[in-house]
Amino acid sequence: MAGWVQKGYIVCMAMHQPPLEDQRRRRFRRIPVRTLAPNLVTLLALCAGLTGIRMAFENRYGLALAAIVFAAILDGLDGRLARFLKGTSRFGAELDSLADFVNFGVAPALIVYFWGLHDLKSAGWIAAMVFAICAGLRLARFNVMSVDPDRPAWTANFFVGVPAPAGAIIVLLPIYAAFLGLPRSQFVTWAMLVYTLVIAGLMVSRLPVFSGKRVGTRVPPEMVGPAVILVVLCVALLIAYPWILLTAGTLVYLVSLPFGWVSYRGYERRSRDSKAETASPSNATPAPRAASIIHSAGTEDRPSRLN
């Protein structure tokens, strides 16, 4: 009798079990192309960063720097492409963070080490490692702060510390200067070590830096033509005079850092003043009501002859 019951139970379970093809469809769902496209751009940027490391191994520093710049351009495009196509995903965010660590932490550190810091032996290697570690810490902090719901809306205009892509571009300034004719010497090598540590410190600092996220989101119709011409001009100058443009852009970026701090303090002060203005009426209005309540209560408790 027990055997018949057991066989009946097995047959019943087999009848209610979904077909194998349905299980596979549930397990392997089709991924839309709009989600794959930003991830492909991120992987292309990762390939550029790894290629930059290879070019540095082969002492082809011009191509190595070009690979880092190309990776930075792709890094600025993949997130915007994901938001435009509505293809953002948690997987894409994690992949982008890991690719940024390789492209803007490991690759620039190895490039500056192979170019000049290796002459300082262990001291140069420590500086390169510190830069890569600070880039990783900067990316981890960005991932944590990006999900903070209590941040005011105006803080989206600023990064906390120099972002990793910008840090990767500006830390290569001594190499740009060398391509422009700066002679290499022991003093330049030591200055490069100090400069690398300073940029690493700026990445993990609390310095407010302009993010540019809200710049260029909408272009007026009359500015479309000039904007396109400006982009084409910048690309042409980058191809024709790469070292001059990268050196000038790096110096302008470094000079603009104090202005970002001043602007952040202005936003912070206005936000604090607006909070104080909204809080003061709410704190002031209950006072007469409370006083009237106390007065009426006191009036009721007093003897009739004193009313």
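**Overall.** I worked from a predicted model. I counted 12 helices and two strands in the chain. Reading along the sequence, I wrote the order down as α-α-α-α-α-α-β-α-α-α-β-α-α-α. I then looked up burial and found that 32% of the 307 residues are buried. For contacts with a separation of 6 or more, I noted that 82% join residues 24 or more positions apart.

**Helices α3 and α5.** I took α3 as residues 33-57 and α5 as residues 90-115. How do their axes lie to one another? I found that they come within 9 Å and cross at roughly 15°. The pair is therefore roughly parallel, since angles under 35 degrees count as such. I recorded the crossing of α3 past α5 as left-handed.

I next listed the residues that meet across this pair. From α3 they include Asn 39, Thr 42, Leu 43, Leu 46, Gly 49, Leu 50, Ile 53 and Phe 57. From α5 they include Phe 91, Leu 95, Asp 96, Ala 99, Val 102, Asn 103, Val 106, Leu 110 and Phe 114. How many of the residues in the contact of α3 with α5 are nonpolar, polar and charged? I noted 16 nonpolar, six polar and one charged.

**Asp 75.** I located Asp 75 in helix α4, residues 61-85.

**Thr 250.** I located Thr 250 in helix α11, residues 242-284. Where does the side chain of Thr 250 have a polar atom 2.7 Å from a backbone oxygen? I traced that oxygen to Leu 246. Beyond the neighbours within four places in sequence, I found Thr 250 in contact with Ile 169, Ile 170, Leu 173, Tyr 176 and Tyr 195.

Conventions:
Residues numbered from 1 in each chain as written. Predicted model: local features only at pLDDT ≥ 70, side-chain atom pairs only at ≥ 80, totals over all residues. Heavy atoms only, no water. Helix = DSSP H or I, 4+ residues; strand = E, 2+ residues; numbered from the N terminus. Polar contact = N/O pair within 3.5 Å; in protein donor to acceptor, adjacent residues only side chain to side chain. Contact = heavy atoms within 4.5 Å. Axes fitted to C-alpha atoms, helices over the stretch in contact; angles between N-to-C directions. Parallel < 35°, antiparallel > 145°, perpendicular 65-115°, else oblique. Left-handed = near helix turned anticlockwise from the far one by under 90°. Nonpolar A, V, L, I, M, F, W, Y, C, P; charged D, E, K, R; others polar. Buried < 20%, exposed > 50% of the residue type's maximum accessible area, 1.4 Å probe, protein only.
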